[in-house]
Amino acid sequence: MKEAISYCGPFPINVKILPRKEVFEERDGSFDAKARTICIADDLVGVEFISCLLHEFTHATFYFYGVDEILGDDTEEVVTFALGNSLTQMLLPFLSVVDVPTEKKPEATEAVTTPQEPASS
């Protein structure tokens with residue numbers, strides 16, 4: 001399992017990349033508002049990974065800023081789907097300059113941590 005902390009404004013969000021069989025049914029990802037956790041299936045790579053992550057970030061954003069209550073469930077899903085896919089397409093030219101997983105790697109069980117401050121000399 002890989003894990004990292006992200007933020008939606010001041011709100012921390014735990015992002016976990018887990019084996020699909022552990023937490024997923026037919027979905028690629030999920031956002032649990034109470035746990036402030038996004039889970040993404042570990043078999044997603046490249047564009048599919050980025051699109052799913054942006055989709056779930058959009059759900060989190062809508063929750064933390066109250067947009068989900070305005071949209072309702074069906075409309076929210078359509079909008080998050082559109083944003084996840086369109087933002088991914090807009091980001092495609094930049095994927096070659098950032099470290100995005102492009103294939104499933106055997107070391108997928110290692111934890112991902114946030115960068116540490118360099119030690120003072």
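Q: Is R20 buried, partly exposed or exposed in this predicted model?
A: Buried residues have under 20% relative accessible area and exposed residues over 50%, with partly exposed in between. The relative accessibility of R20 is 23%. Because this value falls in between the two cut-offs, R20 counts as partly exposed.

Q: Which residue meets R20 in a salt bridge of 2.8 Å, N to O?
A: A salt bridge requires a side-chain nitrogen of Lys or Arg within 4 Å of a carboxyl oxygen of Asp or Glu. The side chain of R20 takes part in such a contact, with 2.8 Å from N to O.

Q: How many residues apart are R20 and D43?
A: The side chains of R20 and D43 meet in a salt bridge of 3.0 Å, N to O. The pair links distant parts of the chain, for R20 lies in helix 1 (residues 20-23) and D43 in the loop between strand 4 and helix 2 (46-64). D43 is itself partly exposed, with a relative accessible area of 36%.

Q: In which sense, parallel or antiparallel, do strand 1 and strand 2 pair?
A: Strand 1 covers residues 2-8 and strand 2 covers residues 11-18, and they pair over 7 bridges. Within this pairing, S6 stands opposite I13 in strand 2. The sense of the pairing is antiparallel.

Q: What is the phi of G9 in the turn of the hairpin?
A: Strand 1 and strand 2 form a hairpin with 2 residues between them. G9 is found in this turn, and its phi is positive, at about 65°.

Q: What value is the phi of R36 near?
A: R36 is found in the loop between strand 3 (29-32) and strand 4 (37-41). The residue is partly exposed, with a relative accessible area of 32%. Its phi is positive in a residue other than glycine, and is near 50°.

Q: What is the area of the nonpolar surface patch made by L83, L87 and M90?
A: L83 lies in helix 4 (residues 73-91). A residue of a patch needs over 30% relative accessible area, and L83 has 31%. Together with L87 and M90, L83 makes a nonpolar surface patch of about 240 Å².

Conventions: Residues numbered from 1 in each chain as written. Predicted model: local features only at pLDDT ≥ 70, side-chain atom pairs only at ≥ 80, totals over all residues. Heavy atoms only, no water. Helix = DSSP H or I, 4+ residues; strand = E, 2+ residues; numbered from the N terminus. Buried < 20%, exposed > 50% of the residue type's maximum accessible area, 1.4 Å probe, protein only. Pairing = 2+ DSSP bridges. Patch = residues over 30% accessible without salt bridge, like charges linked within 9 Å, V, L, I, M, F, W, Y side chains within 5 Å. Areas by Shrake-Rupley, 256 points an atom, 1.4 Å probe, with all protein chains shown as cover.
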